[in-house]
Amino acid sequence: MLIPFSVKNCFQLLCNSKVPAAGFKNTVKSGLILQSTSNDVYQNLAIEDWIHDHINLEGKTILFFWRNSPSVVIGRHQNPWQECNLNLMREKGIKLARRRSGGGTVYHDMGNINLTFFTAKNKYDRMQNLKLILRALNAVQPQLDVQATKRFDLLLDGRFKISGTASKIGRTSAYHHCTLLCSTDETSLSCLLRSPYQGIKSNATASIPSLVKNLVEKDPTLTCEVLINAIAAEYAAYHQTDNHINLINPTDETLFPGINSKAKELQTWEWIYGKTPKFSVNTYFNVLYEQLDLEIKVFIDIKNGRIEICNIEAPDHWLPLQICERLSSGLIGSKFCPTEATMLTNILLRTCPQDYELHSKWNMLCEKI
Ligand SMILES: Nc1ncnc2c1ncn2[C@@H]1O[C@H](COP(=O)(O)OP(=O)(O)OP(=O)(O)O)[C@@H](O)[C@H]1O
């Protein structure tokens, strides 16, 4: 259901107030500036979905600022096993999210600002949004050398990426969201966006890694707050609107009916892993057994995140063919997910409960696939 966008309605709807603040009503012409009070990536992505699905943006625009606790955000058509280090993320408690827009994988933390420009579909203009950010950066620090590229990235000093872009275009409305690196943990960014997996073959969108730099490295006064205020001021000037940043709580069902179920859906295994385009893993590894170097080959096809075909090839005296086949067929239909290794081990425990040597071989296999 599209809710008509009006100042009063929007203020009530988005800003948790029955009475528009004095002045707000008269000054807002087309734009509204929002900022999330949450640092939860799923809740913030749910706000994007909610606004996109419910607000009629004909002749109106919204700018939404949000920041997340450490998270890796993959594009709609990407493969998480190929894009990031899932084990390291699990170890460090870093969330993985799949957004609804296309494009590559980015790292978010509290030093990264996310901006979402919502417009009617016919007003969707990514370069205009990036130019607005450039004007804001220029206003706070005229010495910065930042350019927008044809891929809609922002580059600092001609080679360091400080912003990446992605977008979603719907039937009547659209949004363009972009990141802005202010003081992100660059070590985490580069370690987490490196997959340890080898032998993955897929048609999923592959990210384009770049050299990155934080704006704070150029000027220590460029904090997230300073940048958000500068962009809000530039947005307000461009849209001749109030530069007030309205804080919104993305768990508030009275403002956003149905929002919590949207956030829940974004956290499901089916969405994050299950939406991965079909892929295959062809891998091999060597084991030293009775002073012989043995080669073990594993072929797996994965569809909707689940194992569809599995083939383990190992020398018969290390893992007899019969067992290889039993283990392979036990895997069919299982989620291809490292945390599922325990589940796979359970299959083995059920199949051959007494064979401890086999268990250790199996654990080794689980670690490799
Ligand atoms: N928060 C971030 N802001 C800017 N760049 C980032 C960020 N996190 C990671 N990067 C860099 O951007 C690369 C991914 O860029 P890529 O172009 O594939 O995706 P994108 O910028 O999200 O979207 P698009 O593909 O639509 O441009 C990462 O490998 C990394 O080098």
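Me: What should I know about the model before we start?
Reply: It is predicted, so local features need pLDDT of at least 70, side-chain atom pairs count only at pLDDT 80 or more, and totals for chains, interfaces and linings use all residues. Residues are numbered from 1 along each chain as its sequence is written, and side-chain values use heavy atoms, with hydrogens and water left out.

Me: Why is α3 called oblique to α9?
Reply: Helix α3 (residues 41–54) and helix α9 (residues 259–266) pack at an angle of about 125°, with their axes 8 Å apart. Angles under 35 degrees count as roughly parallel, over 145 as roughly antiparallel, 65 to 115 as roughly perpendicular and the rest as oblique. That makes α3 oblique to α9. The axes are lines fitted to C-alpha atoms over the stretch in contact, and angles run from 0 to 180 degrees between N-to-C directions. Helices here are DSSP runs of H or I with at least four residues, and strands are runs of E with at least two.

Me: Which residues of α3 and α9 meet?
Reply: Contact means heavy atoms within 4.5 Å. In α3, the residues that meet α9 include Tyr42, Leu45, Trp50 and His54, while Ile259, Lys262, Ala263 and Leu266 take part from α9. The residues of this contact of α3 with α9 divide into eight nonpolar, two polar and three charged.

Me: What makes β14 and β18 edge strands?
Reply: The open sheet has four strands in the order β14-β16-β17-β18, with antiparallel pairing. β14 (200–202) and β18 (306–313) each have a single partner strand, so one side of each is left without a neighbour in the sheet.

Me: How do you know that β14 and β16 pair?
Reply: Two strands pair if DSSP finds at least two bridges between them. β14 and strand β16 (residues 279–289) have three bridges, in the antiparallel sense, so they meet the definition. Ile200 stands opposite Val281 in β16, and Ser202 stands opposite Phe279 in β16.

Me: How many bridges join β16 to β17?
Reply: There are 11 bridges between β16 and strand β17 (residues 292–303), which run antiparallel. In their hairpin, which has two residues between the strands, Glu290 takes a positive phi near 45°.

Me: Where does UniProt place the domain "BPL/LPL catalytic"?
Reply: The unreviewed UniProt entry places it at residues 57–243. Over residues 57–243 the chain is 26% helix and 28% strand.

Conventions: Nonpolar A, V, L, I, M, F, W, Y, C, P; charged D, E, K, R; others polar. UniProt positions renumbered as here; feature names shortened; annotations may be inferred.
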